[in-house]
Amino acid sequence: MSVVTVQLGQCGNQVGQELFDILCRDAQDGQRTPYCTASWERFFHQTTHGELVARAVLIDMEPKVVNQSRAKAERSGQWRYGDTSHFSQKQGSGNNWANGYCVHGPRHRAVVEDLVRREVERCDRLAGLMAMMSVAGGTGSGVGTFVTQCLRDIYPKSFILNHLTWPYGTGEVIVQNYNSVLTLANLYRLSDAILVHENDTVHRICSQLLNIKHISFSDVNRVIAHQLGSVLQPALTADSYGCYSRNPLGELVSALACHPEYKLLSVCTIPQMSSSSIAYSTFSWPGLLKHLRQMLISNTKMEEGIDWQVRPPAASERTRSLTGPSFNRSVANLLILRGKDVYSAETGGFEDPALYTSWLSPKEAFDVWKSPMPFNKYEKSATLVSNSQALLRPLDNMVGKAWNMFASRAYIHQYIKFGISEEDFLDSFTSLEQVVASYSQLS
Amino acid sequence: MEEGVVKEILQGPLREVFDSTQLLTDVSGSGNNWAVGHMMYGSAYREQIVEKLRKAAEHCDCLQCFFLIHSMGGGTGSGLGTRVLGLLEEEFPEVCRIVTSIYPSAEDDVITSPYNSVLAMRELTEHADCVLPVENQSLVDIVNKIKHMSYSGKAGSVIKTDSSIISGRGGVSGAEKPFDAMNNIVANLLLNITSSARFEGSLNMDLNEIAMNLVPFPRLHYLVPSLTPLYTLADVSVLSRRLDQMFSDAFSKDHQLIRADPKHSLYLACALMVRGNVQVSDLRRNIERLRPSLPFVSWNQEGWKTGLCSVPPVGHSHSLLALANNTCVKPTFVDLRERFAKLYRKKAHLHHYLHVEGMEQSFFSEAMASLSSLIEEYHQLDATKRTLVPDAPRLSIAR
């Protein structure tokens with residue numbers, strides 16, 4: 001079953017290109033295995049000449065990035081994008097969500113829907129759609145939200161996963177918080193699950209774990225692509241009866257996003273290190289899983305600086321929230337193990353009821369997927385996709401800053417110009433305060 | 001409205017670049033009189049101007065923005081220029097209008113420049129999306145600074161040939177004329193603003209993003225430009241130190257194109273457009289380093305807009321253009337109003353203006369009022385600088 005990816009805006013297209021690159025190379029490491037076949041089927045379409053063509057549509061309101069991504073793919077020699085599977089304009093959305101959502105989205109709706117439809121028709125069976133975008137700019141956020149809405153209308157029974165990149169807290173775009181709030185509030189009712197990467201977190205991974213001195217956006221994008229790839233590559237699930245799952249997005253959504261108030265998913269992967277160090281490192285599953293579990297509990301997004309003092313509350317304390325503010329409670333978790341000896345990995349630590357809310361039993365809240373194939377050159381790797389309070393603080397900060405700016409009505413005239421009203425802003429704020437409240441009340 | 005300058009361009013090496021049917025000249029000039037430019041020539045040439053604009057617009061696949069380049073102190077640039085600005089808004093209301101205005105210095109030799117400037121200011125406040133004010137005095141200071149560096153011959157201060165911002169290197173013309181050095185600086189400003197639209201980069205920044213991010217309230221659209229580096233030293237110093245120095249310089253008064261003190265006023269928003277081999281980590285490191293010393297308005301504490309373009313300008317390995325929406329423009333405007341008031345009180349030279357058909361005294365008082373209210377808006381924001389503005393109380397959700 002195949003996934004069709006829609007890459008929107010500069011970020012969506014740049015990250016998307018890195019993602020397909022990793023997916024392709026990783027699958028090729030396992031040449032002629034069922035893993036490779038499943039991965040290719042999922043993400044690529046094979047031409048009669050045996051070329052791999054990504055099942056993706058590239059959309060942007062200005063041409064440079066789409067052209068660049070297509071050229072880079074071409075240069076890899078291993079895969080490419082479809083010759084006609086892209087659409088760009090000349091103007092850009094000016095970092096304005098309203099411009100993207102109210103003007104560009106509707107204006108180009110027919111073309112975009114057509115491109116997606118063609119990719120979907122090339123699939124034997126559709127596993128679902130994934131939209132990749134940032135929330136800070138204008139196209140990814142505005143056009144991306146509009147396109148998600150269209151996809152929801154056309155494919156009401158398909159799974160739609162939105163992959164979002166959140167900007168640096170200290171700012172890449174001044175109105176990023178407005179664009180983020182408008183995007184998240186709207187996506188919350190349209191998307192089945194929202195998988196988030198934060199630039200700040202990924203930046204820290206680059207500097208502290210990968211030891212990169214001069215971090216570029218390519219480095220950041222590659223880390224995101226690695227983590228996302230480790231979630232999306234084929235795996236054996238409880239329901240897949242010894243074969244690679246044919247319903248990855250569906251199983252992801254049902255494992256993690258079972259409640260409409262709780263849709264925000266974060267990812268962490270262990271180990272992460274510079275490629276030169278991988279050869280010299282050995283890992284054990286107990287070691288990896290112990291670290292990963294503590295990363296979850298203490299809400300540390302990488303395996304450095306983990307706070308080992310944080311513990312889940314003892315059984316007797318469960319009914320009262322006596323946990324310290326640093327304990328991260330989960331709604332649900334999905335653990336994905338890849339590599340050598342994966343069947344011997346002991347995952348009981350994640351089944352502790354203390355980690356979860358009271359309204360889901362650990363059996364329902366926790367899932368494991370496994371694959372005996374090593375991922376992206378790591379002999380063993382573990383990825384945790386988590387629906388927990390991990391994104392609560394960043395979300396709260398984002399809403400707070402946007403609200404402060406809104407209180408002074410700064411920049412609002414720029415949005416009103418394109419068709420968004422103050423009411424629309426207020427509605428979005430209300431929706432997100434609801435989400436913040438829901439996640440806060442998990443403790 | 002006189003022929004000399006345009007004729008020179010048409011005879012020079014750039015004659016192929018300009019379409020001669022898109023040129024409009026007259027003979028006698030505007031006599032440094034805003035009313036002559038705005039009213040007299042404005043009405044006489046209105047149709048021709050609109051026609052030429054339409055023609056140029058039709059050639060575009062996608063028209064994103066108009067650049068208006070003029071001075072404020074004279075008659076044509078100031079008067080006819082602002083009339084054209086109004087026409088652009090009428091005919092192409094959705095297209096962004098970015099205006100580069102040369103403001104007269106206090107020692108300007110045109111006596112009526114305060115009148116012309118204030119009359120033009122009103123038009124800019126009402127009809128432009130973004131204004132980049134540039135002061136001749138700042139340009140002179142920068143030119144002198146560079147010349148001083150080149151001639152001082154101090155060890156370690158030798159400038160790499162043709163790398164300075166005034167050299168016009170990479171340009172087509174050869175010999176230097178007066179004002180060339182100063183004009184090169186402004187040319188570099190425009191090159192840097194458009195770099196991300198012309199070349200690729202890891203974080204593109206289009207022209208319409210400038211207005212979107214830097215103009216929080218429609219009338220407060222005056223952006224202080226500062227350019228670095230002004231030149232590259234010939235001796236090789238550590239790249240990251242040079243980079244960090246470049247960021248620090250962007251916030252130093254010596255590199256600004258108007259005389260103002262942003263560090264002691266209030267930032268409403270700031271954009272950094274970087275060109276060359278600079279990565280996001282360099283950008284982040286420097287923003288974190290400089291941020292504590294820069295006062296930002298309470299609702300925009302992390303108000304940075306950043307752009308990374310991979311292609312550096314000719315002769316440099318990297319460059320930075322900072323555009324700041326800062327209340328430090330207030331003193332410049334107050335000063336302008338003072339100079340205007342000095343003349344207006346005595347009704348000096350007024351008759352030259354009132355002579356022109358369509359011009360009335362109310363234009364003067366209204367322009368003055370517009371300027372005063374603009375100054376007041378900046379003043380209100382300034383007043384919040386010292387006070388600790390509490391966060392707005394959040395919406396509370398009923399459970």
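Predicted model: local features only at pLDDT ≥ 70, side-chain atom pairs only at ≥ 80, totals over all residues.

Residues are numbered from 1 along each chain as its sequence is written, chains are lettered from A and ligands numbered from 1 in the order in which they are written, and side-chain values use heavy atoms, with hydrogens and water left out.

Now the cavities. On a 1 Å grid over the protein atoms alone, a cavity is a set of points where a 1.4 Å probe fits but cannot get out. A pocket is an open set with protein on both sides within 12 Å along at least five of seven lines, and lining residues have an atom within 4 Å of a point. Grid points are joined across faces, edges and corners, and a volume is the space filled by probe spheres set on the points.

The structure has five cavities of 30 Å³ or more. The largest cavity has a volume of about 470 Å³. Its lining is made of 33 residues, and those nearest its centre are A:Gln10, A:Cys11, A:Ser134, A:Gly137 and B:Leu203. Which element gives the largest share of that lining? Helix H1 of chain A does, with four residues. By class, the lining of the largest cavity has nine nonpolar, 18 polar and six charged residues. Nonpolar covers Ala, Val, Leu, Ile, Met, Phe, Trp, Tyr, Cys and Pro; charged covers Asp, Glu, Lys and Arg; the others, Gly among them, are polar.

The second largest cavity holds about 90 Å³. Its lining residues include A:Val196, A:His197, A:Gln227 and A:Leu391. Strand E9 (193-198), helix H8 (199-209) and strand E10 (264-270) of chain A each supply at least two residues of that lining.

Next, the second largest pocket, with about 1,000 Å³ of space. It is lined by 40 residues, and the closest to its centre are A:Phe418, B:Pro93, B:Glu94, B:Val95 and B:Cys96. H4 of chain A gives the most to this lining, four residues. The classes are 15 nonpolar, 14 polar and 11 charged. Domain 1 (2-266) and domain 3 (393-440) of chain A each provide at least three residues of the lining.

Those domain bounds come from an automatic or database domain assignment. The assignment for chain A also gives domain 2 (268-389). The C-alpha centres of domains 1 and 3 of chain A are 25 Å apart. Between these two, 26 residues of domain 1 are in contact with 25 residues of domain 3, contact meaning heavy atoms within 4.5 Å.

One residue: A:Ser158 is in the loop between helix H6 (139-154) and strand E8 (160-166) of chain A. Is A:Ser158 buried or exposed? A:Ser158 counts as buried because its relative accessible area is 15%, and buried means under 20% (exposed is over 50%, partly exposed in between, 1.4 Å probe, protein chains only). Leaving aside neighbours within four places in sequence, A:Ser158 is in contact with A:Leu126, A:Arg152 and A:Asp192.

Last, chain B. It has 12 helices and seven strands, and 55% of its 399 residues count as buried.
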